[in-house]
Amino acid sequence: MRFEYMMVTFVMIIFSIASGSVNDLPQIRKDYYAAINNEKAAEKLYLNLKGRNSSEPIILAYLGSAQAIRARHAFNPYNKVTYLKSGLKTLETAVKSSPQNLEIRFLRFSLEHYIPSFLGYSKNLATDRTKIVELVKQKKFGAMDKPLLLNLLSFMKETKRCSKQEIATLDQAINNG
């Protein structure tokens with residue numbers, strides 16, 4: 001599936017979860033990737049991030065993403081919608097807290113990319129795509145290392161949601177990366 005491929009390419013680097021700070025991002029990224037295909041890993045990540053009670057935007061973004069990923073594993077349609085709505089609401093809070101954070105914008109974009117459009121939960125795709133390209137053009141990569149950034153850029157191109165001009169900007173960043 002494309003979603004698994006996106007997450008494989010999005011998360012390549014990674015090590016161990018401990019205190020609850022941004023220093024844990026490599027492990028959080030790794031755990032997020034594992035959560036995509038594993039219900040127990042999804043629940044564990046969600047509980048871990050929820051238990052941190054962090055107001056750091058990047059942690060909130062991963063919490064929201066973990067909430068939304070739980071929908072993938074839920075059997076009950078009501079739970080699926082509840083988890084998705086809750087996750088997107090948390091992601092919205094993270095974006096509002098840190099609108100210039102490339103990784104936060106990408107998390108929301110990638111989730112919304114895979115939500116069927118008829119559900120009406122993919123309303124930020126164009127805004128996030130535009131902001132992601134703008135941040136890439138300005139070289140505002142935040143805490144991302146090179147492999148993670150390159151995977152993000154490649155995914156953006158593969159979504160077929162970018163214009164030729166946006167793809168040129170992404171290609172330039174990939175070639176200069």
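Visitor: Is Leu-60 buried or exposed?
Guide: Leu-60 is buried, because its relative accessible area is 15%. Buried means under 20% relative accessible area, exposed means over 50%, and partly exposed is in between, with a 1.4 Å probe and protein chains only.

Visitor: What kind of model is this, and how are residues numbered?
Guide: This is a predicted model, and residues are numbered from 1 along each chain as its sequence is written. Local features need pLDDT of at least 70, side-chain atom pairs count only at pLDDT 80 or more, totals for chains, interfaces and linings use all residues, and side-chain values use heavy atoms, with hydrogens and water left out.

Visitor: Back to Leu-60. Where is its place?
Guide: Leu-60 sits in helix H4. Helices are DSSP runs of H or I with at least four residues, strands are runs of E with at least two, and both are numbered from the N terminus.

Visitor: Which residues does Leu-60 touch?
Guide: Leaving out residues up to four places away in sequence, Leu-60 touches Ser-54, Ser-55, Thr-90, Thr-93 and Ala-94. A contact means heavy atoms within 4.5 Å.

Visitor: And how far apart in space are Leu-60 and Ile-104?
Guide: They are 8.9 Å apart, C-alpha to C-alpha. In sequence, 44 residues separate Leu-60 and Ile-104.

Visitor: Zoom out. How many helices and strands does the protein have?
Guide: The protein has nine helices and zero strands. From the N terminus on, the elements run α-α-α-α-α-α-α-α-α.

Visitor: What share of the residues count as buried?
Guide: Of the 177 residues, 48% count as buried.

Visitor: What about contacts between residues at least 6 apart in sequence?
Guide: Of those contacts, 63% join residues at least 24 apart.

Visitor: New topic: rings. How many aromatic pairs are there?
Guide: The count comes to four aromatic pairs. Rings of Phe, Tyr and Trp (its six-membered ring) pair if their centres lie within 6.5 Å; planes under 30 degrees apart count as stacked, over 60 as edge-to-face, and the rest as tilted.

Visitor: Why is the pair of Tyr-32 and Tyr-62 edge-to-face?
Guide: Their planes stand at 80°, so the pair is edge-to-face. The ring centres are 5.6 Å apart.

Visitor: Where in the chain are those two?
Guide: Tyr-32 is in helix H2 (residues 25-37), and Tyr-62 is in helix H4 (residues 57-73). The pair links distant parts of the chain, 30 residues apart. Both Tyr-32 and Tyr-62 are buried.

Visitor: What about Phe-109 and Phe-155?
Guide: Phe-109 and Phe-155 form an edge-to-face pair too, with 6.5 Å centre to centre and 80° between the planes. Phe-109 lies in helix H6 and Phe-155 in helix H8 (residues 146-158), so this pair ties together parts that are 46 residues apart in sequence.

Visitor: Are those two buried or exposed?
Guide: Phe-109 counts as buried, at 0% relative accessibility. Phe-155 is buried as well, with a relative accessible area of 2%.

Visitor: Which residues form the aromatic cluster?
Guide: Phe-106, Phe-109, Tyr-114 and Phe-155 form one cluster.

Visitor: And His-113, which residues does it touch?
Guide: His-113 touches Leu-125, Phe-155, Thr-159 and Arg-161, not counting residues up to four places away in sequence. His-113 lies in helix H6. His-113 counts as buried because its relative accessibility is 16%.

Visitor: Which ring faces does Arg-70 lie over?
Guide: Arg-70 lies over the face of Tyr-46, at 3.9 Å from the ring centre. Arg-70 also lies over the face of Tyr-83, at 4.1 Å from the ring centre. A charge sits over a ring if NZ of Lys or CZ of Arg is within 6 Å of the ring centre and within 35 degrees of the ring normal.

Visitor: One more stop. Where is Gln-138?
Guide: Gln-138 lies in the loop between H7 and H8. Gln-138 is partly exposed, with a relative accessible area of 39%. Gln-138 and Ala-173 are 35 residues apart in sequence and 9.9 Å apart in space, C-alpha to C-alpha.
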